[in-house]
Amino acid sequence: MLTDEFGRRFFYLRLSVTDVCNFRCNYCLPDGYQCTGAQGREKPLSVAEVRTVVRAFASLGSEKVRITGGEPSLRRDLPDLIAATSGAAGIRRVAITSNGYRLANEIDRWRDAGLDQLNVSVDSLDPHQFERITGHHKLEKALRGIERALELGVETKVNTVLLREHNLGEYHEFLQWVRATPVTLRFIELMRTGDNRSFFASNHVSGGDIETLLLRDGWERLTRHRSAGPAREYRHPDYAGRIGLITPYSKDFCADCNRLRMSAQGALHLCLFAEQGIDLRDAIAGGDHRALAEMIRAAVSDKTAGHQLAGGRTGATRNLAMLGG
Ligand code: SAM
């Protein structure tokens, strides 16, 4: 089992399969994806390379893989990437994070390829506000995709980054939606990155304030599974869905970190905010998952205790589209 020197165990791999994104979210990529530098020119991991990466992590005890990006649905071979992941011995759950752009058309294929769980980013339930935040008039399409995923029985979560000036006023609409819709809606605290400093200053909302509202209104906190993501989850007897809170600025956020990240170019990131990744592309391309696993095991011993975001650190992370959020 992969364990670091603080006793944290890594059940969960977040695997980026492309840096490219077609949305222009105002907190992430306001000018859209720019193909610059060596990273932009290097090809993303192939299906065979993804298979090697996932086998290596599975041999080290990882049981859940989230495929992310950039926007993973921009990869035409996404069903093959999902199948390569779900086919690895030891992997129990394959999840994907998407902006929902291709969801309605593709979810049946993804499910057939072995997808268990889906996260869709929906930052507003008002089509015009959705467009102002993401640059696309695609709310309805995303909602149709979510409906289809629920029909197929795919566990579905919704990611909503809380933004003081853009969607905080919709808090009650989001809750009303969850009353009737069996999704887990996770309010994510905006994170400060190298690219969004002034936006952060005017838009960050504390997750602690939202938790106070939820507890006041009868929401009850649930216990967390060992391969669960970073959200604290809450349920309420009157609601079909659940609420999650992702609060990277809370004091113990890193203490139960169970996640490692692989970039689309094959660099291992020990933390979303690590200064730089560890380039494993040559070992990945070599195809020997046992040799790769040994390199990963050695690298994990260097994982630090915390991300130090509260100290204003943003690391080398310009925006989270680089690393799958
Ligand atoms: N394209 C996919 C999507 O839209 O979900 C996957 C990549 S996206 C970077 C993953 C998640 O990170 C999204 O839910 C997005 O809202 C979130 N995210 C991006 N930048 C963020 C920031 N600065 N703070 C908090 N969450 C952020």
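## Helix packing and salt bridges in a predicted model

The axes of helix H3 (residues 78–86) and helix H4 (residues 103–113) cross at roughly 25° and come within 8 Å of each other. The structure described here is a predicted model. Angles under 35 degrees count as roughly parallel, and H3 and H4 are therefore roughly parallel to each other. The crossing in which H3 passes H4 is right-handed. On the H3 side, the contact is made by Leu 78, Pro 79, Ile 82, Ala 83 and Ser 86, which meet Arg 109, Trp 110 and Ala 113 in H4. The residues of this contact of H3 with H4 divide into six nonpolar, one polar and one charged.

H3 may also be described through its buried residues, which are Leu 78, Pro 79, Leu 81, Ile 82, Ala 84 and Thr 85. The elements covering these buried residues include H4, helix H2 (47–59), strand E2 (64–68) and strand E3 (93–98).

H2 and helix H11 (residues 289–300) pack at an angle of about 60°, and their axes are 8 Å apart. These two helices are therefore oblique to each other. H2 passes H11 in a right-handed crossing. From H2, the residues Thr 52, Val 53, Arg 55, Ala 56, Phe 57 and Ser 59 take part in the contact, and from H11 the residues His 289, Leu 292, Ala 293 and Ile 296. The contact of H2 with H11 comprises six nonpolar, three polar and one charged residue.

The loop between H2 and E2 contains Leu 60. Leu 60 is buried, with a relative accessible area of 1%. What does Leu 60 contact, leaving aside its neighbours within four places in sequence? The residues in contact with Leu 60 are Met 1, Leu 2, Ala 293, Ile 296 and Arg 297. Of these, Ala 293 and Ile 296 also belong to the H11 side of the contact with H2. Leu 60 and Ser 98 are 38 residues apart in sequence, and their C-alpha atoms are 27 Å apart in space.

A further pair of residues may be set beside this one. Ala 180 lies in helix H7 (residues 171–180) and is exposed, with a relative accessible area of 63%. Ala 180 and Tyr 239 are 59 residues apart in sequence, with 6.5 Å between their C-alpha atoms.

Charged side chains form another part of the picture. Side chains of opposite charge can pair when their charged atoms come close. The count for the model comes to 17 salt bridges. The table gives three of these pairs.

| Salt bridge | N to O distance |
|---|---|
| Arg 148 with Glu 151 | 2.7 Å |
| Lys 157 with Glu 155 | 4.0 Å |
| Lys 157 with Glu 233 | 3.4 Å |

The pair Arg 148 and Glu 151 lies within helix H6 (residues 139–151), where the two residues are three residues apart and hence separated by about one helical turn. An α-helix has 3.6 residues a turn, so residues three or four places apart point the same way. Arg 148 is partly exposed, at a relative accessible area of 27%, whereas Glu 151 counts as exposed at 56% relative accessibility.

The other two pairs share Lys 157, which forms salt bridges with Glu 155 and with Glu 233. Are the residues of the Lys 157 and Glu 233 pair buried or exposed? Lys 157 counts as buried at 10% relative accessibility, and Glu 233 is buried as well, with a relative accessible area of 17%. Glu 155, by contrast, counts as partly exposed at 35% relative accessibility. Lys 157 lies in strand E5 (residues 155–162) and Glu 233 in strand E8 (residues 232–235), so their pairing ties together parts that are 76 residues apart in sequence. Together with Arg 93, the residues Glu 155, Lys 157 and Glu 233 are linked in a network of salt bridges.

Key
Residues numbered from 1 in each chain as written. Predicted model: local features only at pLDDT ≥ 70, side-chain atom pairs only at ≥ 80, totals over all residues. Heavy atoms only, no water. Axes fitted to C-alpha atoms, helices over the stretch in contact; angles between N-to-C directions. Helix = DSSP H or I, 4+ residues; strand = E, 2+ residues; numbered from the N terminus. Parallel < 35°, antiparallel > 145°, perpendicular 65-115°, else oblique. Left-handed = near helix turned anticlockwise from the far one by under 90°. Contact = heavy atoms within 4.5 Å. Nonpolar A, V, L, I, M, F, W, Y, C, P; charged D, E, K, R; others polar. Salt bridge = Lys/Arg side-chain N within 4 Å of Asp/Glu carboxyl O. Buried < 20%, exposed > 50% of the residue type's maximum accessible area, 1.4 Å probe, protein only.
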